[in-house]
Amino acid sequence: MVKHRPVSVAIVGAGSRGLGVFERLVAHCLAQPATLTVHLIDPQPLGAGFHLSGQPDHLLLNTVCAQLSAFADDRMVDGPVPVSGPSLHAWCRDRDLRLADDGYTVRAGEGREIQPNDFLPRRLLSEYLTWAAAEITAAAPEHLTLREHRTTAVDIRPGASGTETVVLADGTRIDADAVFVTVGHHSLYVPAEPAPDPRLVTRPYPLPEALDGIGPGERVAVLGMGLTAMDVIATLTLGRGGTHTTSAHGMRYLPSGREPLIVLTNRSGMPSRSRPRLHPGRMRFVPLALTTERLAALRARRADRRIDFTAEVLPLIEAEMELAYYRVLLGREMGDATDAGLEMARRCAQAGHETLRDELHARFGGTPVPGLLSANLADRQWTGYAAYRDWFTAEVAADLAEARDGLGVSPLKEALEVLRDHRDVLRAVIDPPGVDDASLAAFFGEFASTVNRQVIGPQLDRSAELLSLIDAGIVRLGPGPQPKIVAPAGQGPWRLESTCLAEPLRMEVDHVVQAHVAEPSADRAPGTLLGTLVAAGRVRTLAHRGTTVHGLDVTREGQGIDRTGTPQPRLFFLGPHTEGSSYYNHYVPSPGAPSRALLDAERALGTALPELMTRKR
């Protein structure tokens, strides 16, 4: 047996990302025994993180339950997988948890069976992650010692003999051979600083408490149409006793009388697209145009190996989306989607994706893909409010129909799903050496927000409910794209004024909710651990590149890069605050496919403690 010197690791942050690092440590120590002490630092127990257990059932996850797991399998990671466990879906089924007719309430033994493509209440993910953390902890070998510190870390300083010293809020100091900062959305549920007007809600979490000041019948503007806005609307309607009923005539909202009047608006004026139905057995095909090999060829042309995203990558994304659109049409013609995918792959290998796309265009005609990633209503002049409202509701209804058809059936939804299916290729675009500075701003500005609107939107039931609420008069659309928000000088109402309507329109509201949550960048968060580390120069943000992207600057291995540009050998950052150094770093792993979160954890652990990571499958 190979003997290793005793080592210690500190994990700062006990949410799903910290759980992933711990799970990988347990797995490797089971595969190859080594003495290890793990210090876990968080006021909350391991696992749940900001997924709070007490949330009402109408606050839903935006990932289907079969795609969430705290346990690694051999397709998710490169290392050993000695600890197995159920996905969220299987865990619910094991407990006979069932879904009520309202589509969101979950109780044991009451309702229909939970299906793999159901969107479940967030509280269940909290319970599941807490349970999974206990299972993983129980599986740890005797030579792995877990020490939990139910407090916060306030600083991390260079220690003696190449170690790091973590300073805790209670004054404790922990010396560790490596520190992994996995604080995640650490400020999301911390009450926001007082707004200049008590009628302005700058951070609508935690729910429902953040909205308690909005009374029945009062007018409230909800700024944003993404997932946060849907949470706000659900809280002000379902959370106040309203119900949606479905009949042969469609969905209808029955008010409780405790709802406010909601004015829904956003800058783009466009709705978010619904998440499509996921049919069992749907295949995710390998990319034909947007490939890592093509990205490598693009990098080889440049001395600094940084890609021009708009000129070089965006055309490949649109080509891949068109090929996905045509694959559905070809599958219909051939009678089998898999055969269609194999045929397209063969023809692409022979003639290239450009020729294949031209052939399919000639065969099936054009697609709606061009312009999907650059749609902009700012230059469109609407004749009046009614014209804009009718256009908006028609767009939601049309997209809802596509979402109900689902992946593999709707060519449009299959095309859009490229932005999710091939997220790892998009990550490879941003991973060091990344893109040029102008591209970094473009990617995390317009492109990332467009992706969120197109494929990271609300559950399809939420879109149906939105139309129902508009019909009931509970929700009214704002005055078109890019409304001007005018704060009151005194106690008067807030005003929303149109900027894109030929017939100007002004609306007045009593409250404003900013429903587009963004956590402050580390250099703008004094008093937090990340803010302290940036101020001390131990890690820098990407602001040094002169862009509007302010995520932490880290190496591909997760090592923080200090103010001099030097990677810190034993200080690692994993998760949402590295957005910009990579892409889309905030999610719970999915079973049966490579998990970037767990692979990143292994990469970081292998860099910090290679002696613990010698066994590979």
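Me: Is C65 buried or exposed?
Reply: The model is predicted, so local features need pLDDT of at least 70 and side-chain atom pairs count only at pLDDT 80 or more, while totals for chains, interfaces and linings use all residues. Residues are numbered from 1 along each chain as its sequence is written, and side-chain values use heavy atoms, with hydrogens and water left out. Buried means under 20% relative accessible area, exposed means over 50%, and partly exposed lies in between (1.4 Å probe, protein chains only). The relative accessibility of C65 is 1%, so C65 counts as buried.

Me: How far is the sulfur of C65 from the closest cysteine sulfur?
Reply: A disulfide is a pair of cysteine sulfur atoms within 2.5 Å, and the structure holds zero of them. For C65, the closest cysteine sulfur is in C92, and it is too far for a bond, at 6.2 Å.

Me: What is the angle between helix α7 and helix α8?
Reply: Helices (H or I, at least four residues) and strands (E, at least two) are DSSP runs, numbered from the N terminus. Axes are lines fitted to C-alpha atoms, for helices over the stretch in contact, and angles run from 0 to 180 degrees between N-to-C directions. Helix α7 covers residues 337–351 and helix α8 residues 353–364, with their axes 7 Å apart and at an angle of about 125 degrees.

Me: Why are α7 and α8 described as they are, and what is the word for their arrangement?
Reply: Angles under 35 degrees count as roughly parallel, over 145 as roughly antiparallel, 65 to 115 as roughly perpendicular and the rest as oblique. The angle between α7 and α8 is about 125 degrees. The two helices are therefore oblique.

Me: Which residues of α8 make the contact with α7?
Reply: Contact means heavy atoms within 4.5 Å. From α7 the contact has M344, R347, C348 and A351, and from α8 it has H353, T355, L356, E359, L360 and R363.

Me: How do the residues of the contact of α7 with α8 divide?
Reply: Ala, Val, Leu, Ile, Met, Phe, Trp, Tyr, Cys and Pro count as nonpolar, Asp, Glu, Lys and Arg as charged, and the others, Gly among them, as polar. The contact residues divide into five nonpolar, two polar and three charged.

Me: How far apart are the end C-alpha atoms of α3?
Reply: The expected span of a helix is 1.5 Å times one less than its number of residues. Helix α3 (residues 122–139) has 18 residues, so it should span 26 Å, and the distance between its end C-alpha atoms agrees, at 26 Å.

Me: Which elements do the buried residues of α3 pack against?
Reply: The buried residues of α3 are R122, R123, L124, L125, S126, Y128, L129, A132, A133 and I136. They pack against α1 (16–31), α2 (88–94), β3 (97–99), β4 (106–108) and α4 (227–237).

Me: Which residues does L426 touch, not counting residues up to four places away in sequence?
Reply: L426 is in helix α12 (residues 423–430) and is buried at 1% relative accessibility. With sequence neighbours up to four places away left out, L426 touches L290, I317, L419, F443, F447 and Y583.

Me: Which residues does V9 touch, not counting residues up to four places away in sequence?
Reply: V9 sits in strand β1 (residues 7–12). Its relative accessibility is 0%, so V9 counts as buried. Beyond four places in sequence, V9 touches L25, L36, T37, V38, H39, A176, A178, F180 and L609.

Me: Where is the cis peptide bond from P432 to P433 placed, judged by P433?
Reply: The bond from P432 to P433 is cis, with omega near 10 degrees. P433 belongs to the loop between α12 and α13 (437–455).

Me: Is Y584, with its positive phi, buried or exposed?
Reply: Phi of Y584 is near 55 degrees, a positive value in a residue other than glycine. Y584 lies in the loop between β22 (567–573) and α16 (596–608). Its relative accessibility is 11%, so Y584 counts as buried.
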